[in-house]
Structures are given as structure tokens and as C-alpha cells.
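Subject: Structure handover and findings

Hello,

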Amino acid sequence: MSMQKVRVGVAGYGNMGSEHAKYLAENKIEHAELTALCDNNPDKLAMAKSKLGEGIKYFGDYKEMLESKLVDLIIIAVPHYFHPVMGMDALNSGVHVLSEKPVGVYTKNAAEMNGIARKSGLTYSIMFQQRTHPNHKKIKELIDEGVLGELKRIVWIVTNWYRSQSYYDSGTWRATWAGEGGGVLINQCPHNLDLWQWFFGMPERIRGFCGFGKYRDIEVEDDVTAYMEYKNGATGTLITTTGETPGTNRLEISGDNGKLIYEDGVITLYKNEVPESEFNKTYAGGFGNPKHEKTIIEVSEKGWDDHKKITQNTVNNIINKEPLIAEAYDGVKSLSLSNAIYLSTWLDSWVELPIDEDLYLEELKKRIATSKTKYNIVEQTIDLKGSSNI
């Protein structure tokens with residue numbers, strides 16, 4: 001059923017929630033209007049009122065916002081544990097959902113929400129706006145078209161999100177197992193993990209090596225190296241940290257037909273004249289390798305709407321069933337990767353995928369029990385502070 005306007009409520013007026021509310025209030029999203037905002041911090045609500053005015057309804061409790069029947073869609077921009085909590089409540093109230101990343105902290109919770117979303121038939125979207133970047137779309141296109149041939153090796157070094165101690169000290173929930181559920185993997189890296197599975201699919205098993213509080217006075221990981229193995233024999237290595245500067249963001253993809261490098265916004269393709277496997281079968285000269293051609297891949301699409309493109313797409317899906325760019329169902333895939341890296345580190349062993357959800361939750365609860373933030377993640381009053389990372 002179509003509607004003239006999708007009424008949107010924003011949950012959480014932190015860094016990301018305030019950004020979403022701002023562009024909605026400025027009518028940057030067609031066929032949408034900001035009708036409500038909630039945050040349980042009175043100071044945050046007062047700040048929102050001073051910037052957004054009296055034209056919308058303000059709530060101190062997200063459940064009251066859902067019960068008000070003033071919103072058709074909720075944008076969830078609160079600490080990670082409460083993304084699925086709010087999402088499930090919204091879906092059960094007949095309200096469409098657009099969640100900030102990650103979809104949750106542990107896959108068992110995310111899978112439960114997926115089930116509720118499927119039964120509801122409502123729009124269930126996630127803010128994986130990196131999928132809309134023209135360069136990322138081009139990389140996926142090249143892989144899907146088989147330009148690189150069968151993949152052999154993936155190496156992604158992403159260390160360009162330096163965080164000082166003052167960042168971690170800016171919120172009591174930050175960088176704690178009880179408050180945030182992880183560190184660089186759950187906060188900064190979900191977009192890259194989503195792109196990883198979007199580009200390459202899911203590996204069969206993972207070996208993770210996390211450094212917990214390696215560079216900062218925190219209890220979660222700030223340094224990660226993960227090794228992945230795929231069914232066809234391809235391998236992947238992900239290296240990420242918040243403790244190095246200057247940082248690097250370099251993706252290197254090797255295949256039978258050549259290699260692709262993405263760094264500093266430039267896609268470089270090295271295309272073999274003949275596939276390596278064919279060259280190996282026919283070449284008899286000992287030393288030698290296939291000749292290759294180097295090409296800088298031009299991307300015709302210019303500009304990037306960032307978060308607004310996902311929000312517009314979600315609204316369009318509600319109105320006319322436009323296919324979603326990022327279904328939140330996919331969120332469990334990237335979350336499986338981070339959960340597997342944690343579990344592998346904790347157990348000091350390989351972890352097979354799909355992950356043992358009960359075992360992961362059991363191990364996570366052990367960390368929560370000794371967390372510096374002493375509260376129960378199920379019973380505590382939800383703290384609607386905004387997500388810190390795009």
C-alpha cells in the first residue's frame with residue numbers, strides 16, 4: 001500500500017541520530033517527514049528541540065514514540081546492544097525499521113530479529129551506506145563479472161581510523177563488553193565486514209588474533225588480524241586497528257586473471273594476458289610469468305549521498321517496493337565475521353562458519369560479567385546515546 005508521506009521517528013540524538021534528524025528536518029528525503037524524536041537524556045532532548053523546533057513530537061522513551069502512532073519508520077541510532085531490542089519492538093508495533101550498524105552485537109539476537117522481520121513483512125533496512133559508494137559498486141561489479149577470474153587471495157589493511165584515549169573516555173559505555181560489545185570490529189569495522197561479505201561471500205572458517213587494550217586503556221580489542229579460508233581454497237587477511245597513525249586503507253584482491261588494488265580512492269586493475277592457471281600449464285621456460293596490462297578503472301558515477309541514499313531507498317521501499325540497497329537481514333553475515341574473530345581469539349583455535357551462536361553468547365557473557373560497566377544488558381534502562389561511527 002502506497003502513502004503520500006512516510007512519517008519518520010529518530011531514536012537517539014547522538015552523533016548519528018542528530019545527523020539523521022537534521023537532513024530529515026531539512027526535507028532532504030523525498031516523500032518523508034520527521035515527526036518524532038526520542039532520547040532518554042533530557043539534555044539531549046532540549047538540544048534537539050532548540051535545533052529542530054516544536055514541529056515534531058519529543059519523547060523520553062522510544063516505546064512511547066512507537067505507541068504514539070506518529071511514525072511509520074524508525075531510524076535506530078543508539079548503542080549497539082539495543083539495535084535489535086528497539087528493532088523487534090518496532091516491528092511488533094507495525095513500524096518499519098532502518099537500523100544503524102551493526103545490526104546487533106551477537107548473531108543469536110540478530111537471527112531472532114530476522115525471524116520477526118520476515119513474519120512482519122515490514123521494511124527492514126540497515127545503514128550500510130558504503131554499498132552506495134561508486135567505487136565500491138564498481139569493485140563488486142568487476143568481481144561479479146569475473147574480471148579477476150577465480151579469486152585466490154584477499155588482503156585488506158584498514159587502519160585509518162585512529163582513536164585517542166580521549167575518544168574512548170567520552171562515554172561510559174564505550175569500549176566495554178557490557179556497554180558496546182566490542183571495539184574496532186563492532187564499532188569502526190562493520191562497514192568493511194559488510195563489504196567483505198558483499199564482495200567475496202562468506203568464508204568457511206576463520207582464525208582471529210585480537211589485541212585487547214593493546215594501545216589504549218580499554219577492555220575490548222583495538223588491534224586485529226584475521227585469517228579466513230574459502231571453499232575454493234582462496235584465503236583472506238584482514239588487518240585493522242585504531243592505534244596507528246598515519247593509517248592505511250588498502251584492499252588487494254588477487255585472482256586467476258590478475259589483481260585489483262583499491263587505495264586512496266583509486267581502483268587499479270592488473271589484467272594478465274592469459275590466466276595464471278593456463279600459463280602455468282603451458283609455459284616451459286622456467287622463470288617467467290604472464291604479461292599483464294595495468295589500467296586505472298574510471299568510475300562514471302560521481303558524488304556520494306552517504307547516509308541519505310540509504311534513507312531515501314528505505315522510504316522508497318516502503319512506498320513503492322523499490323529493492324533495498326542493504327537489507328538488514330545481511331547484517332547477520334558481517335556480524336558473524338566479527339563474532340567468529342572474537343571467538344577464535346578467546347578459544348585460541350579455528351572457528352567454523354556458521355558460528356556456534358550459543359557458544360559465542362556464553363563466552364561474551366563471561367566478558368560482560370567482568371566488564372568495567374556494571375549493568376545487566378537485558379534489564380538496564382536503555383541509554384539512547386548516538387552511535388559514534390559512520
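Below is what was found, element by element.

One point before the details: this is a predicted model.

**The nine-stranded sheet**

Start with the sheet. It is open, has nine strands and mixed pairing, and runs in the order E14-E13-E12-E11-E7-E10-E9-E8-E15. Strand E14 (292-296) and strand E15 (351-352) are at the edges. Each has a single partner strand, so one side of each lacks a neighbour in the sheet.

E8 (205-212) and E9 (221-229) are antiparallel, with eight bridges. Within that pair, Arg 207 has Tyr 227 of E9 as its bridge partner.

E11 (249-255) and E12 (258-263) also run antiparallel, joined by six bridges. Glu 252 faces Ile 261 of E12 across this pair. The two strands make a hairpin, with two residues between them.

E12 then pairs with E13, antiparallel again, through six bridges. Here Tyr 262 is opposite Ile 267 of E13. E12 and E13 form a hairpin too, with two residues between the strands. Asp 264 in that hairpin has a positive phi, near 55 degrees.

**Helix H2**

Which residues of H2 (42-52) are buried? They are Lys 44, Leu 45, Ala 48 and Leu 52. Viewed down the axis of H2, these buried residues fall within an arc of 100 degrees, so they line one face of the helix. The background is simple: an α-helix has 3.6 residues a turn, so residues three or four places apart point the same way.

The face of H2 turned away from the buried side carries Pro 42, Asp 43 and Ser 50, which are exposed. On the buried side, the packing partners are helix H1 (15-25), strand E2 (32-38) and strand E3 (57-59).

At the N-terminal end, Asn 41 is the cap: one of its side-chain oxygens lies 2.9 Å from the backbone nitrogen of Asp 43. After H2 comes Gly 53, with a positive phi near 85 degrees.

**Helix H5**

H5 covers residues 107-120.

The buried residues of H5 are Thr 107, Asn 109, Ala 110, Met 113, Asn 114, Ile 116 and Ala 117. They pack against helix H4 (82-92), strands E5 (96-99) and E6 (124-126), and helices H11 (331-347) and H12 (357-369). Gly 121 follows H5, and its phi is positive, near 75 degrees.

**The largest nonpolar core**

This core has 115 residues. Leu 37, Phe 200 and Leu 364 touch the most other members. H11 gives the largest share, eight residues. As general background, nonpolar side chains tend to be buried together in soluble globular proteins.

Take Leu 364 as a way in. Beyond its neighbours within four places in sequence, Leu 364 contacts Tyr 81, Val 105, Tyr 106, Trp 177 and Trp 346.

**Arg 131**

Arg 131 sits in the loop between E6 and helix H6 (134-144). Is Arg 131 buried or exposed? Its relative accessibility is 4%, so Arg 131 counts as buried; the cut-off is under 20%.

What does its side chain meet? It makes a polar contact with the side chain of Asp 330, at 3.1 Å. A polar atom of the Arg 131 side chain also lies 3.1 Å from the backbone oxygen of Ile 325. Residues up to four places away in sequence aside, Arg 131 touches Lys 137, Asp 194, Leu 195, Gln 197, Trp 198, Ile 325, Ala 326 and Asp 330.

**Val 274**

Last stop. Val 274 is in the loop between E13 (266-272) and helix H9 (276-282). Its relative accessibility is 27%, so Val 274 counts as partly exposed.

Apart from neighbours within four places in sequence, Val 274 is in contact with Phe 279 and Pro 290. His 292 is 18 residues from Val 274 along the chain, and their C-alpha atoms are 8.3 Å apart.

Best wishes

Definitions and conventions. Residues are numbered from 1 along each chain as its sequence is written. This is a predicted model: local features need pLDDT of at least 70, side-chain atom pairs count only at pLDDT 80 or more; totals for chains, interfaces and linings use all residues. Side-chain values use heavy atoms; hydrogens and water are left out. Helices (H or I, at least four residues) and strands (E, at least two) are DSSP runs, numbered from the N terminus. The expected span of a helix is 1.5 Å times one less than its number of residues. Buried means under 20% relative accessible area, exposed over 50%, partly exposed in between (1.4 Å probe, protein chains only). Contact means heavy atoms within 4.5 Å. The arc is that of the directions from the helix axis to the C-beta atoms. A polar contact is a pair of N or O atoms within 3.5 Å; within protein, one must be able to donate a hydrogen and the other to accept it, and residues adjacent in sequence count only if both atoms are side-chain atoms. A nonpolar core is a set of buried Ala, Val, Leu, Ile, Met, Phe, Trp, Tyr and Cys residues joined through side-chain atoms within 4.5 Å. Two strands pair if DSSP finds at least two bridges between them.
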